[in-house]
Amino acid sequence: MNSVKICQIISLLFVFCFLFACKNKVKAGSVAPDFVLSDLHNKPVSLKEYRGKFVLLDFWATWCYACRMAIPELIRLQKEYKDKGFCVLSISLDSPYYVSNEDLIKFKEMVGINYMILRGNMKVVEDYFRNEKPAIPTMFLIDRDGRVRAKIVGFDPSALRKIMKRYLK
């Protein structure tokens, strides 16, 4: 099967999942859906492992200009709030057919990313976006108890800072 056919199949799967996903939204106060995703070294990482911490879950891709603009701010937030039990978990929605783990590792090193990058999959996208059309970047702030406290669509550094100060005093 050639790469064009594979891309068409993946696109159809995305459309199918978004058209027929359940209608419940992930919103403030709801329990964040757990997941197990691979990091860039193929090690499984679960959201449950981060209970007791504030987690900024960032859905992004390397080809997304706004996502790339957000990276320096996420690096700063990781440094600034790390000692307060905060961490960024970044979920890459790049196609592994076009952007390998090695490519993501090189990108991470090149721009100085100091937080974990995970490989997204259809299930995590479906669980977090449900019947909405996914937009990237989209960030979810998840509290120490695993509840979603805020959702930010697009790159808005002032909104992100305001939310961080509110929850991580």
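1. Strand S3 (residues 54-60) pairs with S6 in the antiparallel sense over five bridges, where two strands count as paired if DSSP finds at least two bridges between them, and where strands are DSSP runs (E, at least two residues) numbered from the N terminus. Within this pairing, Val55 has Ile142 of S6 as its bridge partner. The model is a predicted one, in which local features need pLDDT of at least 70 and side-chain atom pairs count only at pLDDT 80 or more, while totals for chains, interfaces and linings use all residues. Residues are numbered from 1 along each chain as its sequence is written, and side-chain values use heavy atoms, with hydrogens and water left out.

2. S6 also pairs with strand S7 (residues 148-153), again in the antiparallel sense and over five bridges, and here Thr138 stands opposite Val153 in S7. The two strands S6 and S7 form a hairpin with five residues between them, and Gly146 in the turn has a positive phi of about 85 degrees.

3. Is strand S6 (residues 138-142) largely enclosed or exposed? Five of its five residues are buried, so S6 is largely enclosed by the rest of the structure; buried means under 20% relative accessible area, with a 1.4 Å probe and protein chains only. In a regular strand the side chains alternate between the two faces of the sheet. In S6 both faces are covered, with Thr138, Phe140 and Ile142 buried on one side and Met139 and Leu141 buried on the other.

4. The count comes to one cavity of 30 Å³ or more, a cavity being a set of points on a 1 Å grid over the protein atoms alone where a 1.4 Å probe fits but cannot get out. The lining residues, which have an atom within 4 Å of a point, are Leu47, Tyr50, Arg51, Lys53, Val55, Ile142, Asp143 and Gly146. They divide into four nonpolar, one polar and three charged, in a scheme that counts Tyr as nonpolar and Gly as polar.

5. A search of the whole structure finds one disulfide, defined as a pair of cysteine sulfur atoms within 2.5 Å. This disulfide joins Cys64 to Cys67, with an S to S distance of 2.5 Å, and the link is right-handed, with 80 degrees about the S-S bond. Both Cys64 and Cys67 are buried. Cys87 is buried as well, with a relative accessible area of 8%.

How values were computed: 1 Å grid on protein atoms, 1.4 Å probe; cavity = no way out; pocket = protein on both sides within 12 Å on 5 of 7 lines; lining within 4 Å. Points joined across faces, edges and corners; volume = space filled by probe spheres on them. Buried < 20%, exposed > 50% of the residue type's maximum accessible area, 1.4 Å probe, protein only. Helix = DSSP H or I, 4+ residues; strand = E, 2+ residues; numbered from the N terminus.
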